[in-house]
Amino acid sequence: MHVLVTGGAGFIGANFVHQTVAERPDARVTVLDKFTYAANRESLAGLDIEIVEGDVADRDVVDPLVEAADVVVHFAAESHNDNSLNDPWPFVQTNLIGTYTVLEAVRRHGTRLHHISTDEVYGDLELDDPAKFTASTPYNPSSPYSSTKAGSDMLVRAWVRSFGVEATLSNCSNNYGPYQHIEKFIPRQITNVLDGRRPKLYGAGLNVRDWIHVADHNSAVWRIIDAGQLGRTYLIGADGEMNNKAVVELILELLGRDPQDYDHVADRPGHDLRYAIDATPLREELGWEPRFRDFRAGLADTIEWYRANEAWWRPQKDAVEAKYAKTGQ
Ligand code: NAD
Ligand code: DAU
């Protein structure tokens, strides 16, 4: 099977490529990535794969790659909410026009597509609401990032219905694990502590995210590609709800520091309160189960990865923190 992975040099895509190479010896992998600030060539070092530098919104690049592939796994996106608040344009261009370009190519060539999306398309939940997101929760995105992801999902659904494109979709909760860019919450705080800086918590830190290890997200993606129903949306989550304050305190504890040794900084405008996923169809119909059920143990492994791979993140640390300092975060 020839797999085209868009955004394969980013966090989840690179983990997907590693997992695919390790577990699917018959798969041939091609990565298409624009190598934006979020990509890292070192994340794919030493793998026997083809890497193409190019834009998912560039038809001339995308078309022959899609034609040659058996399945396209579309991870490529602008992914960071804070960046989308500072400059929404790349989000509109990549997440909407890029997905449109991929869809037109799979339509032309009859190639199977799996579209990667986020739980943020559903908006947020109250802290005391027992509800969780399901595939029938109405879309209600809050940020430029999540609204462009919502739009990309709608494009995929329309291309399935109108043109018979063979696609599945998945909407996953917050991932953690190796190779995540240090602009994101967990790796930012880990590298802050490793670098002698204090962790930064937005607002009161009561916002809840539903954490899943990236390896579990990717095993679910393969399960959907192998056995999912065409046209369906599957929600991916591993019952990992925790508020940000508790996560920061756990990172400090695991690193042997005083758990209260962090700063409260400016809150994110429009900050979503809580996300929570009900993954029952994925578990019951497709028989998927997460392997990382213990967040503390998964977080400890992730901390060790950042400690052991300082060369991977160090070159970006000062610039990332300087950018956050401009917004008081
Ligand atoms: P990331 O920012 O780490 O990686 C994105 C990758 O896409 C980078 O390698 C970047 O260079 C590439 N890219 C960006 N624009 C491109 C373009 N125009 N053409 C080609 N490549 C381009 O993101 P991530 O966290 O790995 O997220 C991957 C996907 O998973 C995204 O679609 C995101 O919406 C989705 N998702 C992420 C999470 C999460 O917790 N990180 C959760 C659910 C869904
Ligand atoms: O839910 C899935 C989404 O999870 C993905 O679609 C996005 O691509 C991914 O970036 C992530 O979005 P979040 O906005 O939830 O992730 P982020 O890591 O930016 O922030 C997680 C929480 O931590 C959020 O409530 C904001 C807060 N935060 C973030 C940073 C960077 C802090 O308190 N301090 C920080 O320094």
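This is a predicted model: local features need pLDDT of at least 70, side-chain atom pairs count only at pLDDT 80 or more; totals for chains, interfaces and linings use all residues.
Residues are numbered from 1 along each chain as its sequence is written, and chains are lettered from A and ligands numbered from 1 in the order in which they are written.

Strands E1 and E2 pair in the parallel sense over 5 bridges, with Thr6 standing opposite Leu32 in E2; strands are DSSP runs of E of at least two residues, helices are runs of H or I of at least four, both numbered from the N terminus, and pairing requires at least two DSSP bridges. Helix H4 (residues 89–109) packs on the sheet, where it touches E1, strand E4 (71–74) and strand E5 (112–118), and its direction makes about 170° with that of E4 (axes are lines fitted to C-alpha atoms, for helices over the stretch in contact, and angles run from 0 to 180 degrees between N-to-C directions).

The open sheet comprises 7 strands in the order E3-E2-E1-E4-E5-E6-E11, with parallel pairing. Its edge strands, each pairing on one side only, are E3 (50–53) and E11 (233–236).

Val5 touches Gly13, Phe16, Val17, Val29, Val31, Val73 and Phe75, residues up to four places away in sequence not being counted; contact here requires C-beta atoms, placed from the backbone, within 7 Å.

Conventions:
Two residues are in contact if their C-beta atoms, placed from the backbone, lie within 7 Å.
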